[in-house]
Amino acid sequence: MDRIIFPKPAWPLQALILLLGVSTFLAGLLLCFIPGMNAVRWFFAHTSFYLLSILFLLWLRAIISSISKIRPSTNTIFTTILLSGTALALTISIFIINPPAFRLHNDETALLGTSQSLAREQTVFIPWEAVLCSSKLIIIHTALPKRPLLFPFLTSLLHELKGYVPDNAFILNFFILFTLLALIGNFFTYHWGKAAGFAIQCAVVSHPILWHTSASGISDLLNILFFFLSTLALWRHIRAPSAESLTLLVLTLCLCAHSRYESILFIPVTLVFLVAWRKISRKNIRESLPSLIIAAICCLPLFWQR
């Protein structure tokens, strides 16, 4: 039996997708200018969880697709395990020497409250006042958060796994620090050897601010991680431009923007740089168009929250 081969979408279909995507994005932006702000507040509170979920799943899919095509040698696997082990040892050392605790109470309680709302109701609110009645928490007064949503979103995933516990913020920062050190160590090892990779890991953990942010419940370390991931994605796309690498780069930049508001500036700056350097082709854009449009729509909460 002959294999059925479906034709690739024709350009008119891509134009229709582009038109629908741009129209949806512009309609979302227009909500910011509706008098009274009730509409934009409702959309921000009730759709941000789902938009972030879509963006995060698309990013995970792009990461898995990228990693699945790597065919490392035995020596590379050994080096990766070795540098990941040193990253784990350094992370554990930091958390033992500097026990995790809530230090910036205003920021940390706001992030935890938002993560609680995301986990329990899939909405974006900070529960300012509540009563406990018959073992049931009844929220009386809420407010919209002013902090980026990626950290509370990831914390809410931990709440779903093991229940609402404030210490989940510390667990998340533990994994963020471990991932950051492992990536940094392996990246510099790839270019300059194991000694350089381990030396860079030690140099990073020697910074006092890192000790303060990693063993707390704030989101600064998450922004550092995604900034480094964005740099790696940019480096990969420059080395071998493709639709897949462009999609991964844009999705990573969008998540970076959701970790800190100023990071949204990296998106236009990076794209202008790539266009000027002729590292983005029309073919790359056409092949990655659906993912790019979805990524743009998933960034609407950044504008609604402002």
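Figure 1. Leaving aside its neighbours within four places in sequence, Phe226 is in contact with Trp59, Leu150, Thr252, Leu255 and Cys256, where contact means heavy atoms within 4.5 Å. The model shown here and in the other views is a predicted one, in which local features need pLDDT of at least 70 and side-chain atom pairs count only at pLDDT 80 or more, while totals for chains, interfaces and linings use all residues. Residues are numbered from 1 along each chain as its sequence is written, and side-chain values use heavy atoms, with hydrogens and water left out. Phe226 belongs to the largest nonpolar core, which has 67 residues, and it is listed with Trp59, Leu150 and Phe153 as having the most contacts inside that core. A nonpolar core is here a set of buried Ala, Val, Leu, Ile, Met, Phe, Trp, Tyr and Cys residues joined through side-chain atoms within 4.5 Å; buried means under 20% relative accessible area, exposed means over 50%, and partly exposed lies in between, with a 1.4 Å probe and protein chains only. In soluble globular proteins, nonpolar side chains tend to be buried together.

**Figure 2. The crossing of helix H2 and helix H12.** The axes of helix H2 (residues 38-68) and helix H12 (residues 282-298) come within 9 Å and cross at roughly 145°. Helices (H or I, at least four residues) and strands (E, at least two) are DSSP runs numbered from the N terminus, and the axes are lines fitted to C-alpha atoms, for helices over the stretch in contact, with angles running from 0 to 180 degrees between N-to-C directions. H2 passes H12 in a left-handed crossing, a term used if the near helix is turned anticlockwise from the far one by less than a right angle. On the H2 side the contact is made by Leu51, Ile54, Leu55 and Leu58, and on the H12 side by Ile294, Ala295, Ile297 and Cys298. By class, this contact has 8 nonpolar residues, no polar and no charged ones, given that Ala, Val, Leu, Ile, Met, Phe, Trp, Tyr, Cys and Pro count as nonpolar, Asp, Glu, Lys and Arg as charged, and the others, Gly among them, as polar.

**Figure 3. The salt bridge of Asp107 and Arg147.** The structure holds 4 salt bridges, each being a side-chain nitrogen of Lys or Arg within 4 Å of a carboxyl oxygen of Asp or Glu. One of them joins Asp107 to Arg147, with the closest N and O atoms 2.7 Å apart. Asp107 lies in helix H4 (residues 105-121) and Arg147 in the loop between strand S2 (136-143) and helix H5 (150-162), so the pair ties together parts that are 40 residues apart in sequence. Asp107 is partly exposed at 22% relative accessibility, and Arg147 is also partly exposed, with a relative accessible area of 39%.

Figure 4. The side chains of Arg260 and Asp220 meet in a salt bridge of 3.6 Å, N to O. This pair links distant parts of the chain, 40 residues apart, with Arg260 in the loop between helix H10 (243-259) and helix H11 (266-276) and Asp220 in helix H9 (residues 220-239). Arg260 is partly exposed at 36% relative accessibility, as is Asp220, with a relative accessible area of 31%. Arg260 also forms a salt bridge with Glu262, the closest N and O atoms being 3.4 Å apart, and salt bridges that share partners join Asp220, Arg260 and Glu262 into one network.

**Figure 5. Ser259 in helix H10.** Ser259 is found in helix H10 and is buried, with a relative accessible area of 4%. Not counting residues up to four places away in sequence, Ser259 touches Pro148, Leu150, Ser219, Leu222 and Asn223.

**Figure 6. Two loop residues with positive phi.** Most residues other than glycine have a negative phi. Gln122, in the loop between H4 and strand S1 (126-133), has a positive phi near 55° and is partly exposed at 23% relative accessibility. Arg278, in the loop between H11 and H12, has a positive phi near 60° and is exposed, with a relative accessible area of 77%.
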